[in-house]
Amino acid sequence: MMGAADIAGAVLAVAGVLFFLAGTLGLLRFPDIYTRIHALTKADNLGLGLICLGAAVQSGSLMTALKLLLVWILVLLAAATGASLIAQTAHRRGIRPWARQE
Amino acid sequence: MAVFDLILGLLLVVLVWKSLSVSDLFGAVISFMAFGLLMAVAWVRLEAPDIALAEAAIGSGLTGALLFSTLGRLPHSEARQPVVSRTVRNGPGYWMTTGFWWVLAILLSIAFLFSLLDLQTPGLGGLLQERLPESGVLNPVTAVLLNFRSLDTVMEIAVLLLAVVVAWSMGTVVWPVKRTLPSPLLPGFVRLLTPFFLLVSFSLLWRGSHAPGGAFPSGAVLAAAGILLLLAGKTTRICPRFMFWLRWILAVGLLVFVFAGVSLMVAGYGFLVYPEQWAGALILLIEVSAGVSIGAMLMALYIGGEPDIHSA
């Protein structure tokens, strides 16, 4: 028998996985480094947030929830910094952003 | 969960294959780091969080940084160009060697399978739990690493120190200079994170006595903080006094360990056989000095050779 918290947690985690899928699809399908990094960072951060939220709801303990929040914030910071550094390096090396061919 | 374990196991094999067979070195390093991360997950699934921590911190994180810094030192053409395969893929010699390795692999797998069947199922876990109160710590892994089998750990730290000595004897490297990066992003980020790194490192060290943690993961986190600081262009000037202390910090883990062992021997207990009332304090002392040394040694390996005192 699943409680309400279990179901809510599972729904949140599945929603998070969908965002990861979308981000990975973007990484594989988008045309250049800037758009790929944009898709990956944005979608994965949201996906991880949803998974952490789901795990926090399922754990039912405030301490675990706060730890998961800390994990999410640290990953957000690291991902944003990493993505920005990669994009800056690409820009400095003269990789031009993709534009639709007219 | 069986499906998850199966996928995990298959992915591990695929990643090992990729990191060995991929033709460019950059791709091989990426595969190797992904392998390390998944291996950490596998250790979690095997309920060995201590090994998972060490694998994630050292096996994936620090080894990855080491491999990347090696790639950065190779000439550009060697690092990014496909490695030209020298294998001739036909002829009797090729088939003989291929056959030899396949037969050997199959025989070894069969021997491994039989030794698995022979394994005594309870293992040494029960005995360990029984003797745990004598060890001075509450975490069984730390009890094995620093009390019951502490000789192995002495040797591990000695091997790491030997690696640093060999790296230094290969020649000198220019000490990284203080520099301002074009963007303030990385230095700002590192400034924000360094206190967290130190906190996590100390916490892992302290927790080692009763929960997963200990000197190796703690030292790895310490080294990671140092490497990030270097990447952000933050270093100190080196001078003879700095080198003097650096040598002591590199060696202090092994020195304290061996000194403790020999003093116990002189006191009549035997090498690294702790008397019960002293065990907890001795383990803490050894863990702290080993953690600091391991951090310094991993970072020294990242920098490469002996820092050139005249370069600064």
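**Helix packing in chain B**

Guide: In this predicted model, helix α10 (residues 215-231) of chain B packs against helix α12 (residues 279-303) of chain B at an angle of about 40 degrees, and their axes lie 7 Å apart. Because of that angle, α10(B) counts as oblique to α12(B). The crossing of these helices, α10(B) and α12(B), is right-handed. On the α10(B) side, the contact is formed by B:Ala215, B:Phe216, B:Ser218, B:Gly219, B:Ala220, B:Leu222, B:Ala223, B:Gly226 and B:Ile227. From α12(B) come B:Glu287, B:Ala290, B:Gly291, B:Ile294, B:Gly295, B:Leu298, B:Met299 and B:Tyr302. By class, the residues of the contact of α10(B) with α12(B) comprise 11 nonpolar, five polar and one charged.

Helix α9 (residues 185-207) of chain B and α10(B) pack at an angle of about 165 degrees, with 9 Å between their axes. The angle is over 145 degrees, so α9(B) is roughly antiparallel to α10(B). Here the crossing, that of α9(B) and α10(B), is left-handed. Helix α9(B) contributes B:Leu186, B:Val190, B:Thr194, B:Phe197, B:Leu198, B:Val200, B:Ser201, B:Leu204 and B:Leu205 to this contact. The residues from α10(B) are B:Ala215, B:Pro217, B:Ser218, B:Val221, B:Leu222, B:Ala224, B:Ala225, B:Leu228, B:Leu229 and B:Leu231. The contact of α9(B) with α10(B) divides into 16 nonpolar, three polar and no charged residues. B:Ala215, B:Ser218 and B:Leu222 of α10(B) take part in the contact with α12(B) and also in the contact with α9(B).

A further helix pair of the chain may be described in the same terms. Helix α6 (residues 125-135) of chain B and helix α7 (residues 140-148) of chain B pack at about 65 degrees, with axes 10 Å apart. The crossing of α6(B) and α7(B) is left-handed. In this pair, B:Leu128, B:Gln129, B:Leu132 and B:Ser135 of α6(B) meet B:Pro140, B:Ala143, B:Val144, B:Asn147 and B:Phe148 of α7(B).

Read from the N terminus, the elements of chain B follow the order α-α-α-α-α-α-α-α-β-α-α-α-α-β. The C-alpha trace of chain B spans about 65 × 60 × 35 Å along its principal axes. The domain assignment divides chain B into domain 1 (1-83), domain 2 (90-114) and domain 3 (141-312). The C-alpha centres of domain 2 of chain B and domain 3 of chain B are 42 Å apart.

Chain B also touches chain A, in a contact that takes four residues from chain B and five residues from chain A. On the side of chain B that touches chain A, three residues are nonpolar, one is polar and none is charged.

As to confidence, chain B averages a pLDDT of 86, and 95% of its residues score at least 70. For the complex, the predictor gives an ipTM of 0.80 and a pTM of 0.83. Where pLDDT is low, the predicted coordinates should not be read in detail.

Methods
Residues numbered from 1 in each chain as written. Chains lettered and ligands numbered in written order. Predicted model: local features only at pLDDT ≥ 70, side-chain atom pairs only at ≥ 80, totals over all residues. Contact = placed C-beta atoms within 7 Å. Nonpolar A, V, L, I, M, F, W, Y, C, P; charged D, E, K, R; others polar. pLDDT = per-residue confidence, 0-100. Axes fitted to C-alpha atoms, helices over the stretch in contact; angles between N-to-C directions. Helix = DSSP H or I, 4+ residues; strand = E, 2+ residues; numbered from the N terminus. Parallel < 35°, antiparallel > 145°, perpendicular 65-115°, else oblique. Left-handed = near helix turned anticlockwise from the far one by under 90°. Domains from an automatic or database assignment.
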